[in-house]
Every structure is written in structure tokens, then in C-alpha cells.
Amino acid sequence: EVIHSFEKPYECNMCNYKCKRSSYLKTHMLIHTGDKRFKCSECNFSCVTSGSLKIHLRSHTGEKPYKCNECSFSFRSLGDLKQHQLIHSLDRPYKCSECNFSCKLAQNLNCHLRIHTGEKPYKCRECNSCFTQRGHLVRHMRMHTGEKPYKCGECNFCSSRSGDLERHMKIHTGEKPYKCSECDYSCIEAGCLLRHMKKHLRKAKLI
């Protein structure tokens, strides 16, 4: 099997996924077959690999073992940390040949190119919706299933999106990372800060 090469001879016949090893393709195919044998004991979340389940369980425990050495952010998975660390780099080596878009990850460029080609390889089995990214399909499917795998350990809040749970948890922790530069106001969400800042703008216009 090809390992020390950029060649990816194993291709999925359901989407445009390619990989170096047949074992990777076998695991990938479980996404299409719907075989999610690894189940969370805390909620109704299930997934294809044990590694994905391990990362998911951290959404219940709050564990974020991967810490950025450039800032205070920490993450549940090594992949999330690596993607975050690209923020600290100005290098954007992947450039679109159709427009001036550039990015730091090859997979982001592949997703972007679908804007130009119109390709939407991820199709919903329940309706005629289709998507450019697998993650968008996963979120969409929760509309059909009603699944809300992200549950708060402090109250009965639950959500279909991890980001919603992370914002909610700030209510319990008291964390208010968005701070006003004009006064001592701080809040949980960027949108709240934006609405607050408009009050300062209106006051400035009246002066």
C-alpha cells in the first residue's frame, strides 16, 4: 500500500474522497452506510470510529487537552488545534485559480472550488437537499432525526450544534470574553457586543 507518497489510489464511489490506504477507505465507507457502532453513554450520539467517540465525550466532560502555545485557546482534538494554529500564520499557500480566494488548508480550497463548479456531493437520504461539505450534511440530518447530542452537564439544555453548547456553558462559568472598548460592558456573544456598540454610536451622533 502507498504510504510515503502523495498518491491516493483508493477512491470512494459515493463521493470524491481519496486516501492512501484501503483501511482508511473502509472506515470512510461507514459514513455512507450509516453504520455508527460507537455510541455515547451520556447521550444518543453515535459515530463511525472510537477516536471520534473519545473526542465527543470531551464535550460532556469539558476536557480540552490540546492547548495553543501562542494564545489561551485549548481544544478537544489535535486536529482542531492544528487548524487553529494556522490563524497565527500569515501564509496562505492554497490559491483559487478562479478568484482571489486563498487559504491555509488544502481541504478548504477543495470546498471553496465547489462554489465555482456547483458540485454538492453530500446528499440527504430523507429529502432532496445536497451540500458542499459533509459537516453541513451532518447538521442538516439532525433536522430529520431531532438529534441533539450536545448536552449541558449543569442543566437540561441540549443542542444539535457544539458551538451552541459552548456558548451556553459560558452562562454557568460566568465567562464574558467580548468586552466593550468604550465602557466596562462585557458579554458572552460577539453579536451582543455589536448591538451594545451601536448604542455608543447613536450617543456619539447626538452629541
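Me: Where does UniProt put the "domain: C2H2-type" feature?
Reply: The UniProt entry, which is unreviewed, lists it at residues 10-37, 38-65, 66-93, 94-121, 122-149, 150-177 and 178-205. Keep in mind that the structure here is a predicted model.

Me: Take residues 66-93. How much helix and strand is there?
Reply: That span is 29% helix and 14% strand. Its end C-alpha atoms are 25 Å apart.

Me: And what about residues 94-121?
Reply: There the chain is 43% helix and 14% strand. The end C-alpha atoms lie 21 Å apart.

Me: Let's zoom out. How many helices and strands are in the protein?
Reply: Seven helices and 14 strands.

Me: What box do the C-alpha atoms fill?
Reply: Roughly 70 × 45 × 40 Å, taken along the principal axes.

Me: What share of the residues is buried?
Reply: Of the 207 residues, 25% count as buried.

Me: And how much of the contacts comes from residues 24 or more positions apart?
Reply: They account for 10% of the contacts with a separation of 6 or more.

Me: Which domains does the domain assignment give?
Reply: It gives domain 1 (10-60), domain 2 (66-117) and domain 3 (148-206).

Me: How far apart are domain 2 and domain 3?
Reply: Their C-alpha centres lie 25 Å apart.

Me: New topic: cysteines. How many disulfides are there?
Reply: The count comes to zero disulfides. Take C15: the nearest cysteine sulfur, that of C12, is 3.9 Å away, and C15 is in no disulfide.

Me: What would a disulfide be, in plain words?
Reply: It is a covalent bond between the sulfur atoms of two cysteines.

Me: Is C15 buried or exposed?
Reply: C15 counts as buried, at 12% relative accessibility. C127 is partly exposed, with a relative accessible area of 27%.

Me: Back to C12. Where is it found?
Reply: C12 sits in the loop between β1 (10-11) and β2 (18-19). C12 is buried, with a relative accessible area of 7%.

Me: What does C12 touch?
Reply: Leaving out residues up to four places away in sequence, C12 touches Y17, L25, H28, M29 and H32.

Me: Where is C40 found?
Reply: C40 is in the loop between β3 (38-39) and β4 (46-47). At 7% relative accessibility, C40 counts as buried.

Me: And which residues does C40 touch?
Reply: F45, L53, H56, L57 and H60, again not counting residues up to four places away in sequence. C40 and H56 are 16 residues apart along the chain, and 8.1 Å separates their C-alpha atoms.

Me: Let me try another loop residue, N69. Is N69 buried or exposed?
Reply: N69 is exposed, with a relative accessible area of 65%. N69 is found in the loop between β5 (66-67) and β6 (74-75).

Me: How far is N69 from V48?
Reply: C-alpha to C-alpha, N69 and V48 are 31 Å apart in space. In sequence they are 21 residues apart.

Me: Now aromatics. How many aromatic pairs does the structure hold?
Reply: One. The pair is F73 and F75, with ring centres 6.3 Å apart.

Me: Why is the pair of F73 and F75 called stacked?
Reply: Because the ring planes are at 15°, and planes under 30 degrees apart count as stacked. F75 is buried, with a relative accessible area of 16%.

Me: Last topic: helix α6. How many residues does α6 have?
Reply: Helix α6 has 12 residues, covering 162-173. From first C-alpha to last, α6 reaches 17 Å, close to the 16 Å expected.

Me: Which residues of α6 are buried?
Reply: L165, H168 and K170 are buried.

Me: What do the buried residues of α6 pack against?
Reply: They pack against α2 (50-61) and β11 (150-151).

Me: And what follows α6?
Reply: G174 follows α6. The phi of G174 is positive, near 80°.

Methods
Residues numbered from 1 in each chain as written. Predicted model: local features only at pLDDT ≥ 70, side-chain atom pairs only at ≥ 80, totals over all residues. Heavy atoms only, no water. UniProt positions renumbered as here; feature names shortened; annotations may be inferred. Helix = DSSP H or I, 4+ residues; strand = E, 2+ residues; numbered from the N terminus. Disulfide = S-S within 2.5 Å. Buried < 20%, exposed > 50% of the residue type's maximum accessible area, 1.4 Å probe, protein only. Phe/Tyr/Trp six-rings, centres within 6.5 Å; stacked < 30°, edge-to-face > 60°. Expected span 1.5 Å × (residues − 1). Contact = heavy atoms within 4.5 Å. Domains from an automatic or database assignment.
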